[in-house]
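Trainee: Could you walk me through this structure?
Mentor: Gladly; have a look at it and then ask away.

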Amino acid sequence: MRVELVTTLKRQATKILADLHSSKEPVLITEHGQPSAYLVDVEDYEFMQQRMAILEGVAQGEQAIKNGEILSNKEAKAKMSKWLK
């Protein structure tokens with residue numbers, strides 16, 4: 001992963017963005033020696049958001065199972081029948 005100072009980003013934003021788009025490698029921006037932000041390609045960001053949504057759905061399903069919020073196959077089919085026609 002590439003690391004850049006925030007001052008470098010201010011001075012060379014166009015070059016850093018061009019490099020980011022060509023390499024697809026995220027850029028860590030630091031301020032005062034501390035991590036401050038990541039620059040990532042738009043496609044990579046959107047892909048990560050889709051993955052996060054899927055993982056959130058899985059986590060909600062696992063929590064529902066733990067809470068006993070489950071249906072039998074027959075109950076689920078009956079409930080979903082209006083969409084499965």
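**The kinked helix and its surroundings**

Mentor: Helix α1 has a kink of about 95 degrees, centred on Gln-12 (the bend at a residue is the angle between axes fitted to the seven residues ending there and the seven starting there; helices are DSSP runs of H or I with at least four residues, strands are runs of E with at least two, and both are numbered from the N terminus). This is a predicted model, in which local features need pLDDT of at least 70 and side-chain atom pairs count only at pLDDT 80 or more, while totals for chains, interfaces and linings use all residues. Residues are numbered from 1 along each chain as its sequence is written, and side-chain values use heavy atoms, with hydrogens and water left out.

Trainee: Which residues of α1 are buried?
Mentor: Thr-8, Ile-16 and Leu-20 are buried in α1, where buried means under 20% relative accessible area, exposed over 50% and partly exposed in between, with a 1.4 Å probe and protein chains only.

Trainee: And what do they pack against?
Mentor: The buried residues of α1 pack against β1 (2-5), β2 (27-31) and β3 (34-39).

Trainee: New topic: how many salt bridges are there in the whole structure?
Mentor: A search finds five, each being a side-chain nitrogen of Lys or Arg within 4 Å of a carboxyl oxygen of Asp or Glu. One of them joins Asp-19 and Arg-2, with the closest N and O atoms 3.1 Å apart. Since Asp-19 lies in helix α1 and Arg-2 in strand β1, that pair ties together parts 17 residues apart in sequence.

Trainee: Asp-19: what's its relative accessibility?
Mentor: Asp-19 has 24%, so Asp-19 counts as partly exposed.

Technical notes:
Contact = heavy atoms within 4.5 Å.
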